[in-house]
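Reader: I have a structure to look at and have not seen it before. Can you walk me through it?

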Amino acid sequence: MTSRIPRDSRLRLVRPRSLAAAPRAINQPRPRRAAPRPPEGTPARSELARMARAGLADAARVARWADAVLGPGRDSATDDGKATLSDATAERAARELGLTVEQVRADWDTARLAGLVEVHGDSARPGWRLRAWDRDDSAVLRGWVALFDAWSLAHPEPAGHEPAAVAEVVSAMPQVLSFLQLSAGPVPVPQLLDLLEQRVTELRTERCEIPYGPEAEPPRPAEPAADAPLAPLLDWALHALAAVGALTCGDGQATLTPLGNWAVWVKLEQICVAAQSPAGNIEQSAEAMLRGCAQLRPNAARAEYRAWLAARPVGSAVTELLAAARGEDALLRGLAFEALRVVGAPAEPDVRAVLDEPTLRPYALLWLAEHDGADPEDAHEVLTREEATWLWVDTAAAVADHGEAPLLVRHLESAVQPTVPMLLDEVRAVGHPRTVQVLVALAAAHPDPALAKAVRRAAFQVHTGGD
């Protein structure tokens with residue numbers, strides 16, 4: 001008898017496909033929801049885009065200047081690798097554009113937050129929205145909404161306030177904006193202050209966890225945050241939102257602009273969509289939300305991500321998604337980075353910060369490549385052979401845990417190795433903690449007895465540490 005274990009390259013694999021997304025274990029159709037219409041009186045999208053272009057005209061001007069002057073092989077944009085415009089570059093831009101240095105820096109920061117310009121290390125490159133700025137209304141509106149979401153970064157709080165109190169106000173402002181949107185007109189600032197104080201009190205109550213036991217005492221909120229006056233912070237928040245074009249302030253009243261009214265309506269609509277989902281994802285933690293989205297089609301899942309993100313400050317949402325990605329479930333890891341793709345530019349610093357974490361590095365590299373404009377089908381080219389193999393095993397673990405046997409067999413096609421023996425050798429060497437389970441599941445699922453035997457042997461060798 002002769003061995004049926006493959007010894008040559010005749011068992012070949014198809015060229016790799018994109019490894020960017022975790023597999024969709026179950027794809028079930030969902031009933032379509034009729035596209036909602038904005039409130040009566042809302043300008044057409046073309047008019048909203050015109051308003052956004054006007055509001056971001058100065059930022060677009062600086063972004064175009066940076067596109068023409070800065071970048072690889074030309075002058076440096078920053079001098080600290082943190083997207084801070086260098087003094088020399090700011091002064092040059094001020095001279096050439098007829099602005100002050102302060103105006104250049106402010107417009108530069110606005111352009112970054114709106115995704116018009118992207119900084120990588122000490123070089124700048126145009127964002128995709130800048131390329132589409134004059135012809136794509138959706139790109140313009142997305143850029144403005146990105147700035148709207150980052151209002152607290154565009155205009156940082158004045159010095160002297162407790163960070164905890166500032167964070168509470170930022171977390172409570174969506175409710176204040178919702179009230180403004182539903183009021184459909186000017187609202188006195190004292191009324192908004194009452195609403196803000198109520199919401200901050202609710203947030204503090206939600207944070208308090210009462211321990212069990214006969215001698216347990218309920219914890220109290222930190223004194224500085226509890227005693228911090230909210231009126232100055234509300235004034236800061238309203239003027240910051242006015243500066244990005246979301247509302248107007250005057251005569252002791254605040255009113256949403258047409259752009260601000262539309263943006264808040266969009267976010268409320270996203271929340272309503274999520275609230276209709278069987279799992280109620282809008283109220284869930286990042287991990288529970290991702291599990292609820294695992295059974296949805298890609299478009300439906302992205303709608304859930306947008307709604308979940310709309311109900312939270314961007315910074316805390318990104319932190320929570322990355323925490324879910326660090327868990328043991330590989331499917332959640334892939335879905336977390338899909339949700340981070342919906343976040344877009346505001347997530348870049350946090351995604352770049354996890355490049356040193358082996359578990360997240362391949363996902364982060366793919367995210368950054370796509371963020372930089374790479375085609376999703378080609379993004380895997382940024383990975384080393386070892387990183388691609390590690391990601392193949394991680395994705396296979398997600399399929400083994402949540403998918404079906406045929407899907408695991410088809411996953412062989414996404415490997416970068418041209419033959420099964422080469423794949424098995426490199427899978428054994430990469431050291432993924434789920435290697436044994438993945439190989440055992442693949443051996444059980446594959447219909448070819450010779451290949452299944454080779455995979456089982458590789459699994460045994462990894463398990464025993466043998467050759």
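**Aromatic pairs and their surroundings**

Author: Trp236 is buried, with a relative accessible area of 8%. Keep in mind that this is a predicted model.

Reader: Which residue does Trp236 pair with?

Author: The structure holds three aromatic pairs. In one of them, the rings of Trp151 and Trp236 have centres 5.2 Å apart and planes at 45°, so the pair is tilted. Trp151 belongs to helix H7 (residues 151–154) and Trp236 to helix H11 (residues 231–243), so the pair links distant parts of the chain, 85 residues apart.

Reader: And Trp151, buried or exposed?

Author: Trp151 is buried, at a relative accessible area of 6%.

Reader: What about Phe337 and Tyr363, how are their rings placed?

Author: The ring centres of Phe337 and Tyr363 are 5.6 Å apart and the planes are at 25°. Planes under 30 degrees apart count as stacked, so this pair is stacked. Phe337 sits in helix H16 (residues 330–343) and Tyr363 in helix H18 (residues 361–371), so the pair ties together parts 26 residues apart in sequence. Phe337 and Tyr363 are both buried.

Reader: Changing topic. How do the strands E3, E4 and E5 line up?

Author: They form an open sheet in the order E3-E5-E4, with antiparallel pairing. Strand E3 (187–188) and strand E4 (247–250) are the edges, and each pairs on one side only.

Reader: How many bridges join E3 to E5?

Author: Two bridges join E3 to strand E5 (residues 253–256). In E5, Gln253 is the bridge partner of Pro188.

Reader: Which helix packs on that sheet?

Author: Helix H8 (residues 163–183) packs on the sheet and touches E3, E4 and E5. The direction of H8 makes about 80° with that of E5.

Reader: Next, H14. What span should helix H14 have?

Author: At 1.5 Å a residue, the 13 residues of H14 (residues 298–310) should span 18 Å. The end C-alpha atoms of H14 are 18 Å apart, which agrees.

Reader: Which residues of H14 are buried?

Author: Ala301, Glu304, Tyr305, Ala307, Trp308, Leu309 and Ala310 are buried there.

Reader: And the protein as a whole, how many helices and strands?

Author: The protein has 23 helices and five strands. Of its 467 residues, 45% count as buried. The protein exposes about 23,400 Å², and carbon and sulfur atoms supply 52% of that area.

Reader: What share of the contacts comes from residues 24 or more positions apart?

Author: Such residues account for 67% of the contacts in the protein with a separation of 6 or more.

Technical notes:
Residues numbered from 1 in each chain as written. Predicted model: local features only at pLDDT ≥ 70, side-chain atom pairs only at ≥ 80, totals over all residues. Heavy atoms only, no water. Helix = DSSP H or I, 4+ residues; strand = E, 2+ residues; numbered from the N terminus. Expected span 1.5 Å × (residues − 1). Buried < 20%, exposed > 50% of the residue type's maximum accessible area, 1.4 Å probe, protein only. Phe/Tyr/Trp six-rings, centres within 6.5 Å; stacked < 30°, edge-to-face > 60°. Pairing = 2+ DSSP bridges. Contact = heavy atoms within 4.5 Å. Axes fitted to C-alpha atoms, helices over the stretch in contact; angles between N-to-C directions. Areas by Shrake-Rupley, 256 points an atom, 1.4 Å probe, with all protein chains shown as cover.
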